[in-house]
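Here is a short report on selected local features of one model.

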Amino acid sequence: MKINYNFIAALLLIICSCSRPKEIDIDNNKLLENIKILSNDTLEGRYFSTPGNYKAQKFIIRKFKEIGLKTFSQNNYLQTFSYTFKGQKRQDVFPVKKDLTNVPDTTAIGGNILGMLKGQTNKSIVITAHFDHLGIKDGKIFNGADDNASGTAALFTIAEYFKNKPIYHNLIFAAVDAEEIGSLGAEYFLKNFNDKKNIALNINLDMIAHSDYDPELFACGLYHYPDLRKPLKRIKSDKVILLFGHDAPEDKDQSDWTFSSDHRVFHREKIPFIYFGVPDHKDYHRSTDTFATINTDFYIESVKIIIQAIENFDEYLKD
Ligand SMILES: [Zn+2]
């Protein structure tokens, strides 16, 4: 009997490449270096409209420039907006409002940083990550390494990955401000986006670097947008378990994250979203959410999973 070795070799290759996780080539060290910088004490917790927050803005602008992202308007990555706290002192906004009588209005200036990779059509996928955090409270810096230096630093790695690849959709990278006080930045971004009907999808990253027990990352949103399941099902990883959920209001076992972060702004406008994140953990909204307490291997793999998701969605959502 004549054995066709070429045929067997080809068959084995197909079987192997189907079961093996896809190799995503990213610079792990650079990713970790960037989350470390964003969660450094010198940024003083990046609270909305404070010097530390402005430092973070400058750093993100420098990164977008280095990567070579396109700007949106007037050669400027920065989209500033003002917000007036009605009768509230800024530092009173978090965590609880104290006595607000006789407190004058204060206007504060915030800023989103926006960059883009041009695709082949007018349709866009908007990738959001908030960079602001809780600032300094009782003398303690809230560094917010997981929340959300992790999502912000991931934006750079994702942009770097897709920079020289053919993409169908425009990829819009939006590092948004003021999530912690009510998604002010994301709201301003969307309100002033003049081509809303061409946003095919929002991918929101908020807390993707912390896993103390099982390495589980959640993709939330399929309850509302079940058509998006297929591209997520194709993702392969042997290090992180990608789970779906936290989006059904009637589910008693899981909290509903539909309105937990900036994706809510898109969802309210009926723009489909997928939110990637982890459940609240021991360091959530504490001064211990630092570079030292994130899980670096989990973080790197989470970013690789998100890259696969974007790749799959870009293909799947083609007309
Ligand atoms: Zn957050």
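The sections below take the features one by one.

## Basis

This is a predicted model: local features need pLDDT of at least 70, side-chain atom pairs count only at pLDDT 80 or more, and totals for chains, interfaces and linings use all residues. Residues are numbered from 1 along each chain as its sequence is written.

## Asn34 in helix 2

Asn34 sits in helix 2, residues 28-38. Helices here are DSSP runs of H or I with at least four residues, strands are runs of E with at least two, and both are numbered from the N terminus. Asn34 is buried, because 22 other C-beta atoms lie within 10 Å. The cut-offs are 20 or more other C-beta atoms within 10 Å for buried, 12 or fewer for exposed, and partly exposed in between, with C-beta atoms placed from the backbone.

Leaving out residues up to four places away in sequence, Asn34 touches Ala153 and Phe156. Contact means that the two C-beta atoms, placed from the backbone, lie within 7 Å. Lys63 is 29 residues from Asn34 along the chain, and their C-alpha atoms are 9.4 Å apart.

## Ala129 in strand 3

Ala129 belongs to strand 3, residues 124-130. It counts as buried because it has 28 C-beta neighbours inside 10 Å. Its contacts, not counting residues up to four places away in sequence, include Asn148, Gly151, Ala175 and Leu205.

A cis peptide bond joins Asp147 to Asn148, with omega about 0 degrees.

## Two positive phi angles

Asp138 is not a glycine, yet its phi is positive, at about 50 degrees. Its place is the loop between strand 4 (135-137) and strand 5 (140-142).

Lys270 is not a glycine either, and its phi is positive at about 65 degrees. The residue is in the loop between helix 7 (263-268) and strand 10 (273-277). Lys270 counts as exposed because it has 9 C-beta neighbours inside 10 Å.

## Helix 8

Helix 8 covers residues 296-316, 21 residues in total. It reaches 30 Å from first C-alpha to last, close to the 30 Å expected at 1.5 Å a residue. The expected span is 1.5 Å times one less than the number of residues.

How enclosed is helix 8, and why? Of its 21 residues, 15 are buried, so the helix is largely enclosed by the rest of the structure.
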